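Student: Could you walk me through this structure with a few questions and answers? I would like to see how each answer is reached.

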Amino acid sequence: MERIILDTDIGSDIDDSFALTYLLNNDACEIVGISTCTGEARKRAQLCDYFTTKAKKNKIEICVGSDDPLKLANKQTINHQPECPQAAVLTKYDVASKEYQTNPAKFLREYIMDVDGDVTVVAIGPLTNIALAITEFPEIISKLKRLVLMGGKIDTSESKKGLVDWNFICDPQAAEIVLSAPFKEVVIYPCDVTYSLNHSKAYMHENLKGKYSDIIKDMADIWFERFNEYSYHDPMAAMYVFHPEMVNGERGKLSVDLKKCSSDLGMTSWQSRENGNHFIVTSIKKDEFLEELYATINR
């Protein structure tokens with residue numbers, strides 16, 4: 001059984017909901033806590049609350065994390081969009097009013113240090129909460145089994161110029177703190193890899209079934225107002241914990257270049273190192289990934 005803390009910005013892109021429901025339906029997973037991050041983090045927590053209740057796992061503790069990056073202005077309102085656009089579905093799906101924890105550093109410290117056994121953090125949003133936690137409680141770093149994150153970009157070629165990693169751009173200072181920390185293992189899914197698999201609204205409607213399908217499709221309708229396809233950034237990261245054999249990668253060190261944090265080029269750089277504590281994913285077995293993802297979510 002893998003004990004997981006999920007740190008998520010659910011409510012912007014649609015893929016967070018795929019990652020969360022994959023973990024909720026995975027018999028080999030015990031979610032010990034969920035923290036939300038970036039603009040309107042409370043609404044994001046309410047979305048998580050709906051999913052955990054739907055899964056009959058409403059004892060999972062949820063923390064409302066940081067609304068704002070460590071230093072930069074919040075980018076979630078870009079193009080005059082709501083900070084958490086998919087929270088609009090909360091008017092249709094009832095979520096009981098409750099009090100959530102609101103200190104992400106203490107929350108992560110509690111559920112990493114005080115839970116029996118090893119814990120993996122799957123971080124699929126900006127890394128603000130993780131940075132706050134390890135800065136205030138550095139003992140977390142050596143206790144954590146592994147950190148799996150979606151973020152960064154290593155291919156700066158002209159052909160990949162338009163690919164932007166939202167998570168690191170939203171809080172590059174937090175990304176630098178986290179990537180500089182001496183964790184036992186950090187598994188990284190860069191957007192170079194995650195953007196390689198995309199599907200249409202029609203594909204989603206044909207393949208997504210089960211108890212979560214209505215709300216995910218409603219959330220996706222908001223996404224499809226602006227985009228024609230969706231990618232699988234976050235469920236790829238979530239699945240690694242249970243199926244590392246599905247990927248190829250290499251060890252080394254991923255670094256953040258804060259001088260280029262506002263650009264879509266060169267924000268992160270990769271150096272191969274045989275004994276590096278960073279493992280960067282370079283390819284994924286797409287057919288196997290899709291089969292496992294939809295089979296699990298649709299239960």
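Tutor: Gladly! One thing to keep in mind is that this is a predicted model. Let's begin with helix H11, where His233, Asp234, Pro235, Met236, Ala237, Ala238, Met239 and Tyr240 are buried.

Student: How many of the residues of H11 are buried?

Tutor: A residue counts as buried when its relative accessible area is under 20%. The buried residues of H11 include His233, Met236 and Tyr240. The helix is mostly covered, and the number of its eight residues that are buried is eight.

Student: Is Tyr240 stacked or edge-to-face with Tyr189?

Tutor: Start with the angle: planes over 60 degrees apart count as edge-to-face, and planes under 30 degrees apart as stacked. The ring centres of Tyr189 and Tyr240 are 6.4 Å apart and their planes stand at 75°, so the pair is edge-to-face.

Student: Which elements do Tyr189 and Tyr240 sit in, and how many residues apart are they?

Tutor: This pair links distant parts of the chain. Tyr189 belongs to strand E6 (residues 186-189) and Tyr240 to helix H11 (residues 233-240), and the two are apart by 51 residues.

Student: Is Tyr189 buried or exposed?

Tutor: The cut-off for buried is under 20% relative accessible area. Tyr240 has a value of 10%, so Tyr240 is buried. Tyr189 has a relative accessible area of 1%, so Tyr189 is also buried.

Student: How many aromatic pairs does the structure hold?

Tutor: Rings of Phe, Tyr and Trp pair if their centres lie within 6.5 Å. The number of aromatic pairs in the structure is 16.

Student: What is the angle between the planes of Tyr50 and Phe51?

Tutor: Tyr50 and Phe51 form an aromatic pair, with 6.1 Å from centre to centre. The pair is edge-to-face, and the angle between the planes is 80°.

Student: What is the relative accessible area of Phe51?

Tutor: Tyr50 is buried, with a relative accessible area of 14%. Phe51 is buried as well, and its relative accessible area is 0%.

Student: Let's move on to charges. How many salt bridges are found in the whole structure?

Tutor: A salt bridge needs a side-chain nitrogen of Lys or Arg within 4 Å of a carboxyl oxygen of Asp or Glu. One of them joins Arg146 and Glu2, at 3.7 Å from N to O. A search of the whole structure gives a count of eleven.

Student: How many residues apart are Arg146 and Glu2?

Tutor: Both Arg146 and Glu2 are buried. Arg146 is in strand E5 (residues 146-150) and Glu2 in strand E1 (residues 2-8). Their pair links distant parts of the chain, and the separation is 144 residues.

Student: Which strands are tied together by Glu30 and Arg3?

Tutor: The side chains of Glu30 and Arg3 meet in a salt bridge of 3.5 Å, N to O. At 33% relative accessibility, Glu30 counts as partly exposed, and Arg3, at 26%, also counts as partly exposed. The pair ties together parts that are 27 residues apart in sequence, because Glu30 lies in strand E2 (residues 29-36) and Arg3 in strand E1.

Student: Which residues gather in the patch of negative charge on the surface?

Tutor: Asp287 and Glu288 both belong to this patch. Asp287 is placed in helix H12, and Glu288 is in helix H12 (residues 286-297) too. The patch of negative charge is made of Glu245, Asp287, Glu288 and Glu291.

Student: Where is Lys211 found?

Tutor: Lys211 gathers with Lys54, Lys56 and Lys57 in a patch of positive charge on the surface. Lys211 is partly exposed, with a relative accessible area of 34%. Its place is the loop between helix H9 (201-207) and helix H10 (213-224).

Definitions and conventions: Residues numbered from 1 in each chain as written. Predicted model: local features only at pLDDT ≥ 70, side-chain atom pairs only at ≥ 80, totals over all residues. Heavy atoms only, no water. Patch = residues over 30% accessible without salt bridge, like charges linked within 9 Å, V, L, I, M, F, W, Y side chains within 5 Å. Areas by Shrake-Rupley, 256 points an atom, 1.4 Å probe, with all protein chains shown as cover. Lys, Arg positive; Asp, Glu negative; His and termini not counted. Charge placed at Lys NZ, Arg CZ, Asp CG, Glu CD. Helix = DSSP H or I, 4+ residues; strand = E, 2+ residues; numbered from the N terminus. Phe/Tyr/Trp six-rings, centres within 6.5 Å; stacked < 30°, edge-to-face > 60°. Buried < 20%, exposed > 50% of the residue type's maximum accessible area, 1.4 Å probe, protein only.
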